[in-house]
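I had some time at the screen today and went through a few spots in this model. My notes follow in the order I looked things up.

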Amino acid sequence: MTVAAEPARPGTVSLIRLLPRLARDPVNMLADLGRRSGGGIVRLRSGRVPVYLVSHPDDVQHVLRGRWENYVREGMFWRPLRRLLGHSVLDDGSAWRSSRDILQPLFTARYVASLAERTADVVDLRVGELEEHARSGRAFDAGEEMADVVNETVVKVLFGGRLSREHGRRLSSAYDHAARSIAFRLLLPSMPYSARLPGDRPFMAAVQTIDDVMLPMVRRALTMPDDGADVLSALLRARRAELPADGRPARPAEVEAQLRDDAVSVYGAAAESTATTLTWLWTLLDAHPHVASRLYAEVEHVVGSGPVLAEHVRELTYTRMVLDEVMRLRPSGWLFPRMAVREDTVGGVRVEAGAQMLITPYATHRLDEFWDRPLEFDPERFAPGEQERRHRYAYFPFGGGPHQCLGKHLFLMSAPLIVAAILSRFRPLLRGDGRYTPAPAGSLRPREKVELVLVPAARARQAAR
Ligand code: HEM
């Protein structure tokens, strides 16, 4: 006779007791809980809703892939974001499915490669404008500047020529405000909207600004031909194909809202994650000069003094390793929880229907069982062939399963181009004490301002001789 194994008891911690640390540094607090439990499921006692930290790769795989239909984007994190994102590819159920089906073909490795040449031109032009910083020798806010450089490329890919630079900047700054002001709501999702939380007012003002830019663009697009190669054109074509034969939607406002929600969601997912990853890069390079020197050498060898070209992406292998390691230690998608629809057993622990499962690559990427010296920055972990030797879910900056990031290839094409374009012209020097705390915004960003000074690369090379 076989006896069914009793479900294991999860490690339990009281969030009230951890409140001071939670307020100071919630991101590292969660990671430390994961490390101390050796990747075991940890139950966080907080309120009525059971909350579990899931960090072991087997358990992450179970939630994101194996039993993904039982784990939906509801509650923590997602509920407050819905006030910005609406019902889109970042939702779940039928709204997600229909958007995902339309968008997927636009983000394959092959399609994205076809955009590389145009992206390289845009990047080269925009990075050339940083010359002004190098001339003045003054420090500037790297977060803002990276957001602007990324914005220029993302807006072209997503919306073609539909948004002016000025509108693109309004959008980028409004997202930045939204991402910063949503922190309390992300951590307290069951708080009713009738109760005011810090950040509510600036968050709603940011949503209004985003709508002021996006809605007129969507409305104009609806009256125009949709033959462009950009993402909004593809969305228009697909949504039009769903209309009745006379081409008139039964509910025009619904079509408009669908397009608005997807445009807002894809832009948000693309721009912020890429910009914050590139901002963290400079802080990590500053702390690891031997990595920086090797990166400079690769860019010099592949790109020389520029311009950066589409075919360089393939050759920038160390640049890619460095970016992979930045995303291990500073994954911009640091938290994407799920809600259990039905009761289940995860890692031997019984979880209740309605439980919130905290999935955070920031914690998994630091587990001693899967990473040698996990807190050290070492791009060699991503030397060719290394990644294949790991558990698929020991490293998942782009998520996994059916909700896996759509923009992975776009990031892996555009980010090396941006890094190489910058380093072919400049050497960025960090100002400040080099200590940066990860802040729990929509994507992981440094709480402190990252300030850079640019020195012309040619001058730095001469000085080194
Ligand atoms: C550093 C760069 C990026 C990182 C780290 C990142 C990370 C992620 C993660 C972790 C998810 C999964 C969320 C979940 O499972 O709930 C995701 C989903 C998504 N990402 Fe990214 N992302 C990045 C860049 C981009 C770019 C450039 C785009 C451009 C289109 C993009 C579009 C999306 C979309 C549309 C989804 C939703 C997919 C779905 O649910 O079907 N991302 N991303």
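**His288.** I started with His288, which sits in the loop between H14 and helix H15 (289-303). This is a predicted model, so I keep that in mind for every entry here. Is His288 buried or exposed? I found a relative accessibility of 18%, and because the cut-off for buried is under 20%, His288 counts as buried.

**Gln258.** Next I went to Gln258, which is in helix H14. Its relative accessible area is 26%, so Gln258 goes down as partly exposed. Which side chain does Gln258 join in a polar contact? I got Arg239, at 3.4 Å. I also checked Gln258 against Glu74: they are 184 residues apart along the chain, and their C-alpha atoms are separated by 19 Å.

**H13.** Arg239 took me to helix H13 (residues 231-241), where Arg239 is one of the buried residues. What caps the N-terminal end of H13? I found Asp230 there, with a side-chain oxygen 3.3 Å from the backbone nitrogen of Leu232.

**The ligand.** I listed the shell next and got 26 residues around the ligand. The closest are Arg73, Trp96, Arg100, Arg338 and Cys405. By class I noted 15 nonpolar, eight polar and three charged residues in this shell. Which helix gives the largest share of the shell? H14 does, with six residues. Helix H5 (93-103) and helix H14 (252-287) each put in at least two.

I then went through polar atoms facing ligand oxygens. For Arg338, an N or O atom of the side chain is 2.7 Å from a ligand oxygen. For Arg73, a polar side-chain atom lies 2.8 Å from an oxygen of the ligand. With Val89 the backbone is involved: an N or O atom there lies 3.3 Å from a ligand oxygen.

**Ser88.** I moved on to Ser88, in the loop between helix H4 (78-85) and H5. How much relative accessible area does Ser88 have? I read 0%, so Ser88 is buried. Its side chain reaches the backbone nitrogen of Leu90 at 3.0 Å. Leaving out residues up to four places away in sequence, Ser88 touches Ala95, Trp96, Ser99, Asp261, Asp262 and Ser265. Trp96 had already come up in my ligand entry, as one of the closest residues to the ligand.

**H7 and H19.** Last, I looked at a helix pair. Two packed helices are described by the angle between their axes and the distance between the axes, so I wrote down both. The axes of helix H7 (residues 116-128) and helix H19 (residues 408-425) come within 9 Å and cross at roughly 35°. I have the crossing down as right-handed. Which residues of H7 meet H19? I listed Ala116, Thr119, Ala120, Val123, Asp124, Val127 and Gly128. On the H19 side I have Met413, Ser414, Leu417, Ile418, Ala421, Ile422 and Arg425. By class, the residues of this contact divide into nine nonpolar, three polar and two charged.

Key: Residues numbered from 1 in each chain as written. Predicted model: local features only at pLDDT ≥ 70, side-chain atom pairs only at ≥ 80, totals over all residues. Heavy atoms only, no water. Axes fitted to C-alpha atoms, helices over the stretch in contact; angles between N-to-C directions. Helix = DSSP H or I, 4+ residues; strand = E, 2+ residues; numbered from the N terminus. Left-handed = near helix turned anticlockwise from the far one by under 90°. Contact = heavy atoms within 4.5 Å. Nonpolar A, V, L, I, M, F, W, Y, C, P; charged D, E, K, R; others polar. Near = heavy atom within 4 Å. Polar contact = N/O pair within 3.5 Å; in protein donor to acceptor, adjacent residues only side chain to side chain. Buried < 20%, exposed > 50% of the residue type's maximum accessible area, 1.4 Å probe, protein only.
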